[in-house]
Amino acid sequence: MTPRIVRGLWLTVAVVVLGLPLIPLPESSGAPDPGPPLWGTSVAAWGIGLALVIAVAVGAGRLATRLPAGRWTQGRLPPAALLTLLATGLATWSAYTMRSVFAANPVLIDEMAQLFQARVFASGRLAAPAPEPAAAFLIAHTWITDAGWASLYPPMHPLVLALGMVFRAEWLVTPVLGGAGVALVYLVAKGLYGPKTARTAAFLWAISSWVMFMSASYMNHVTAVTFALACWALVWAPRPSPRPGHLVAAGLCLAAVAATRPLDAVAAGVPVLAWIVAGRRWFAVPWMALGTLPVFAGWGYFNWRLYGSPFTLGYSALYGSEISLGFGIDPWGRPFTPTVALSNLAVAMRRLNLFLYEWPIPALLPLGLWALAGRPRRPGDAIVAIGLLAVPALYFFYWHSGFYPGPRYYYAAAPFLIMGTARAWRWGWGLARRSCRSWWRGDVALVTAAVVVLIWGWLSVLPDRFAVYRTGLSTLKLHPERELGARGVRQALVIVPERWGSRLIVSLWELGVRPGLAERAYRWVDACDLHRLIEVARAARLTSQETTRRLEALMQASPVPAPQLRDAPDETLHLRGARPLDPACERELRRDGAGYTLFGYLVWRNPIGLDTGIVFARDLYDRNAELFARYPGWAIWRYAPPAGGRPDAPPVLTMIAGGATP
């Protein structure tokens with residue numbers, strides 16, 4: 001690869017990480033994701049922080065001229081000791097955060113669905129028995145297939161979680177993977193740049209707050225990145241070149257990425273492909289292909305059992321082409337255009353500057369400066385640039401912009417962002433050492449700047465992020481199963497009221513309407529019209545095809561979307577205010593006004609057969625008799641905000657006498 005091409009790649013990196021966040025596109029494009037709030041305030045705060053850091057560093061560089069010159073390498077820990085210390089520290093930090101901040105509970109529906117699938121795997125099944133009635137148990141991103149009830153996600157991450165679940169330590173899986181990433185980042189960086197940059201990269205991975213928060217979640221991004229790092233370590237760390245055994249194992253790891261997050265596997269494979277093509281290492285291709293076979297065979301069997309074909313993924317089985325890459329109408333019925341895609345990319349870069357380290361300066365500033373001015377370029381620089389750009393290039397064509405915790409879709413680029421930042425710090429260190437004069441110590445100035453940035457971030461910026469995550473989504477931090485256990489309850493049915501909007505969507509699923517269409521209908525059609533259609537379809541026992549046909553006709557009969565009901569307890573409801581509500585709709589609104597809570601995060605704690613122990617079910621109100629009939633003689637509890645209190649008050653457990661629903 002020519003120096004001009006490598007230079008062009010790094011100039012592109014500089015534009016993406018430093019230039020794009022400054023374009024006011026998210027504010028003017030009308031994209032669904034407006035980006036981090038108070039962005040202008042963050043930029044102003046960075047300006048102040050950068051000025052103060054520079055002032056302190058310059059002062060230290062001037063004062064240090066009175067000190068004797070010394071060697072900075074004295075007292076360096078051996079690599080094994082350093083990596084053990086950093087890996088243990090990150091894993092412990094992540095495990096503490098998982099328990100103390102997130103209460104070892106899932107926060108996003110992605111986590112909930114994959115924990116459910118992990119529970120299924122841990123029971124020795126590929127799918128759970130179909131629940132009855134389905135509306136009482138289904139959650140988003142799960143579906144009842146011919147083989148049973150399963151998650152739509154690829155199987156690798158749930159399988160990894162299931163291994164921890166067997167030992168009742170599923171909450172420890174991702175922290176351990178995050179800690180393992182320290183050693184893997186070191187090996188990859190050492191293969192590309194050498195031991196000095198590798199040490200810096202391992203340190204930066206271990207202190208990254210974003211890596212820590214991601215490793216404190218149940219998100220499959222952590223598993224995908226760990227397998228990707230293992231693949232790269234097997235390809236680039238061996239000297240002088242990888243042997244066939246390394247390449248077979250690398251192919252196995254790359255296939256594991258695909259069986260976790262397919263698009264991330266493409267991004268992970270691009271730099272490996274560049275390494276093969278640039279060095280004409282064609283011998284690597286058959287060996288890596290051989291390594292993929294066991295994973296692809298198992299994944300194909302999983303898909304065949306659940307969806308009828310080895311090549312059908314859960315995503316396409318449930319959503320068809322609605323969630324494919326490319327422009328058009330997204331699954332929620334909103335236009336996805338190149339302008340929206342560019343806005344999403346700008347938003348992601350803004351969040352990376354905020355979340356990657358929680359520093360008082362932009363996190364990507366050192367990387368951006370190196371991308372603009374760094375010399376000389378090494379062979380590893382091309383690989384890092386390609387790996388870094390592959391992720392935004394692919395996700396540019398994906399319609400959704402996820403941002404909790406942080407821009408999670410871009411976590412696939414985190415290793416290259418961190419290795420590039422390590423390269424930038426080493427480059428800056430070389431410049432600082434060469435700038436030393438009788439009146440100036442550049443090395444001391446740079447070390448002072450780094451120390452100030454780290455301590456300032458840890459003591460002032462990062463605690464605010466902890467506070468946001470600890471106090472936000474407080475209902476998801478509760479453990480009603482523990483409270484029941486403390487009361488001596490070993491077997492009970494616990495009904496959980498959800499908002500009317502959620503029950504409408506779940507009812508459409510129960511009737512066989514595909515999730516994408518159900519979501520678009522909910523965002524377009526009057527809720528009362530949806531409610532009536534569901535009641536008619538249920539009473540007439542309509543087929544899923546007929547229900548879908550009638551729903552599509554109802555959507556076509558509504559030329560514009562019904563307005564959202566902003567003053568209702570559930571602000572996502574769409575109701576036309578020009579007509580009076582019928583009694584059924586008024587009753588549903590009163591139920592929402594009496595209080596509802598979140599149900600999805602409890603489903604994975606249910607026993608697979610829903611026939612023993614503590615079983616959480618969605619409150620079906622008028623249909624509860626159908627649910628209660630399946631649990632004769634069971635104690636029945638309700639988990640809901642206290643009667644007479646605020647609709648959004650924390651839920652409490654109340655035993656129901658005679659099985660009557662309030």
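User: Let's start with the cysteines: are Cys528 and Cys585 buried or exposed?

Analyst: Keep in mind that this is a predicted model. To count as buried, a residue needs under 20% relative accessible area. Cys528 and Cys585 are both buried.

User: Which parts does the disulfide of Cys528 and Cys585 tie together?

Analyst: The sulfur atoms of Cys528 and Cys585 sit 2.1 Å apart, and a disulfide needs them within 2.5 Å. Cys528 belongs to helix α23 (residues 527-540) and Cys585 to helix α25 (residues 583-593), so the bond links parts 57 residues apart in sequence. The parts tied together are thus helices α23 and α25.

User: How do α10 and α11 run relative to each other, roughly parallel or roughly antiparallel?

Analyst: Helix α10 (residues 220-236) packs on helix α11 (residues 244-258) at about 160°, with the axes 8 Å apart. Angles over 145 degrees count as roughly antiparallel. So α10 and α11 are roughly antiparallel.

User: How many residues in the contact of α10 with α11 are nonpolar?

Analyst: On the α10 side, the contact includes Phe227, Cys231 and Leu234. α11 brings in residues including His246, Cys253 and Val257. Sorting the contact residues gives no charged ones, one polar, and a nonpolar count of 13.

Notes: Residues numbered from 1 in each chain as written. Predicted model: local features only at pLDDT ≥ 70, side-chain atom pairs only at ≥ 80, totals over all residues. Heavy atoms only, no water. Helix = DSSP H or I, 4+ residues; strand = E, 2+ residues; numbered from the N terminus. Buried < 20%, exposed > 50% of the residue type's maximum accessible area, 1.4 Å probe, protein only. Axes fitted to C-alpha atoms, helices over the stretch in contact; angles between N-to-C directions. Parallel < 35°, antiparallel > 145°, perpendicular 65-115°, else oblique. Contact = heavy atoms within 4.5 Å. Nonpolar A, V, L, I, M, F, W, Y, C, P; charged D, E, K, R; others polar.
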